[in-house]
Amino acid sequence: MLGDQLSPSLSSLAAADRARTVVLMVEVMGEASYVGHHKQKIAFIFSAMRHFALRLRQAGWQVDYVTLDNPDNTGSLAGEVERAAERYRCRQILATKPGEWRVLEDMRGWGTLTGCGLTLLDDTRFLCSLDEFAGWAEGRKQLRMEYFYREMRRKTGLLMEGSEPAGGRWNFDAENRKPAEGGLFMPRPCRAAPDAVTQEVLALVGTRFAQNFGRLEGFAYGVTAEDAQAALEWFLREALPCFGDYQDAMLKGETWLYHSVLSPYLNTGLLDPLEVCRRVEAEWRAGRVPLNSAEGYIRQIIGWREYVRGIYWLKMPGYTQENALAADRPLPAFYWTGETDMRCLSEVITQTRDTAYAHHIQRLMVTGNFAMLAGINPHEVHEWYLAVYVDAFEWVEAPNTIGMSQFADGGLLGSKPYAAGGNYINRMSDYCGSCRYDVKQRTGRDACPLNALYWDFLVRNSAKLRGNPRLAQVFRTYDKMGDEAKRDLHRQADAFLKSL
Ligand code: FAD
Ligand code: DLZ
Ligand code: SF4
């Protein structure tokens, strides 16, 4: 069982005979270092794995758990499977398919490697199977999330009144764009105090991964199903009512706002996505939360989360190498330090370093938007996101980065690039007020760099973007600018890019 397969209902467990099975769980350097994971991400996964192993033992399973510091640890999944196969004179390997192409390829070799029979079962912890998604996608020119989402609403019956969507509309996103306001703040989300198991893991990670990105101090992620359940209860009570309204808002020093911070638990199996959605729906039906919040939240899970998984498996291998806009600049060093005068970026990167978390709009419209405007190589951007967030597993991270955020798949996921100048960030956050740059200026020493970069990005990629009907208006605006204004913008952008 892998580090993100911590569900008692996992297909491999369900198919195994408890009396004749040894459950193998391994902490291996290979998995802990294929990207330079944030320290808190490694600590979360290792501690959650150790707690899950205890739980399985309590439930009567024989568990062989190999810790990272076990002197015989070979450092790879395959190496540990081979050793275990010999140890137990194993005849049959049973596993649930992983969430990453790289690991699936590795797993497919385990039968030959060990001489055992190998059965790889589908991961049934999703609403939409990969076959079902492939069937939905077949023959469609555009794979729009909105239509997929409606199918999932019908399939689950979530927020449905018979065959109609509750409230008469499928999507209340237009009501979910309130900017940050003065006095908008959140009580700190439900955080778990590290127990003895977690403390041991924190010590291990602090020593073995001392050079990795991120702080360990303040680690407070839950590591058991009970912790995850407590986090869900907190979210339903404290944050869900305002989730919809302020989903896109950003505020200095406010990491979590009204977000649920449930992605680490959903992605490792400590929470069940459908159960979470049913609880959210029940809050709306009981009149405790508005429909825009309940719908907005459920859409993220049964819509976006399922949809990106489908895209990942439909397009791999190859998807993580896509680079439709031929962006080739290296990732700026400040993505690892937060040391930049651009307040929006320093705020989000510092927060990421301290917590291994940033909410969706921070990922999409701050770090993601800047990387795309600056023409950063999307594969480097992808590896950064895969490393720095506690919830990052490739099946969910890659389509969000390569597709939604960088437009590197040429528009498979989004009908236009999520590109914005400083204006958007100024509208949705309070970052600009304390920035050394002036968000209102396009050129000059103090101009917000995003403004010139925005136009420069569009023009740099005009061969690929000009024909996009959703960008027709912005290109018209650009065309109406005087030659001098255009030249100044590109000079400004060039000088900035050279200084990166
Ligand atoms: P909330 O805002 O409370 O949302 C609720 C839940 O909906 C999340 O827990 C998550 O499970 C789901 N969700 C929301 N948006 C998305 C989305 N776009 N795709 C898939 N699920 C979604 N999410 C990850 O789980 N892992 C990643 O590695 C990841 N990488 C991302 C990279 C980029 C560039 C971008 C733009 C987004 C990424 N996301 C990723 C999606 C989203 O940002 C996170 O799911 C969300 O911020 C997690 O915080 P939360 O639990 O507080 O979410
Ligand atoms: C991300 C991760 C890390 C850091 N460490 C381990 C590990 O030691 N053992 C393990 O089984 N899984 C780990 N994982 C998760 C995997 O790298 C991989 O992303 C998922 O299992 C894919 O489904
Ligand atoms: Fe970011 Fe520009 Fe605002 Fe500064 S002025 S915080 S760089 S958007």
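**View 1. Arg 363 and the backbone of Ala 358.** A polar atom of the Arg 363 side chain lies 2.7 Å from the backbone oxygen of Ala 358. Polar contacts here are pairs of N or O atoms within 3.5 Å; within protein, one must be able to donate a hydrogen and the other to accept it, and residues adjacent in sequence count only if both atoms are side-chain atoms. The model is predicted: local features need pLDDT of at least 70, side-chain atom pairs count only at pLDDT 80 or more, and totals for chains, interfaces and linings use all residues. Residues are numbered from 1 along each chain as its sequence is written, chains are lettered from A and ligands numbered from 1 in the order in which they are written, and side-chain values use heavy atoms, with hydrogens and water left out.

View 2. Helix H16, residues 360-374, contains Arg 363; helices (H or I, at least four residues) are DSSP runs, numbered from the N terminus. Arg 363 counts as buried because its relative accessibility is 18%, where buried means under 20% relative accessible area, exposed over 50% and partly exposed in between (1.4 Å probe, protein chains only). Not counting residues up to four places away in sequence, Arg 363 touches Tyr 357, Ala 358, Gly 368, Tyr 385, Tyr 389 and Asp 391, contact being heavy atoms within 4.5 Å.

**View 3. Polar contacts of ligand 1.** The side chain of Ser 260 has an N or O atom 2.7 Å from an oxygen atom of ligand 1. A polar backbone atom of Ser 263 is 3.0 Å from an oxygen atom of the ligand. A nitrogen atom of ligand 1 lies 3.4 Å from a polar side-chain atom of Gln 300. Of the 810 Å² of accessible area that ligand 1 has on its own, the protein covers 99% (Shrake-Rupley method, 1.4 Å probe).

**View 4. The shell around ligand 1.** Ligand 1 is surrounded by 29 residues, the closest being His 259, Ser 260, Val 261, Asn 267 and Tyr 357; a residue is near if one of its heavy atoms lies within 4 Å. The shell comprises 15 nonpolar, 10 polar and 4 charged residues. Ala, Val, Leu, Ile, Met, Phe, Trp, Tyr, Cys and Pro count as nonpolar, Asp, Glu, Lys and Arg as charged, and the others, Gly among them, as polar.

View 5. The structure holds 0 disulfides (cysteine sulfur atoms within 2.5 Å). Cys 116 is in no disulfide, and its nearest cysteine sulfur, in Cys 90, is 3.7 Å away. Cys 116 is buried, at 8% relative accessible area. Cys 242 is partly exposed, at 26%; its sulfur is 18 Å from the closest cysteine sulfur, that of Cys 190, too far for a bond.

Notes
Helix = DSSP H or I, 4+ residues; strand = E, 2+ residues; numbered from the N terminus.
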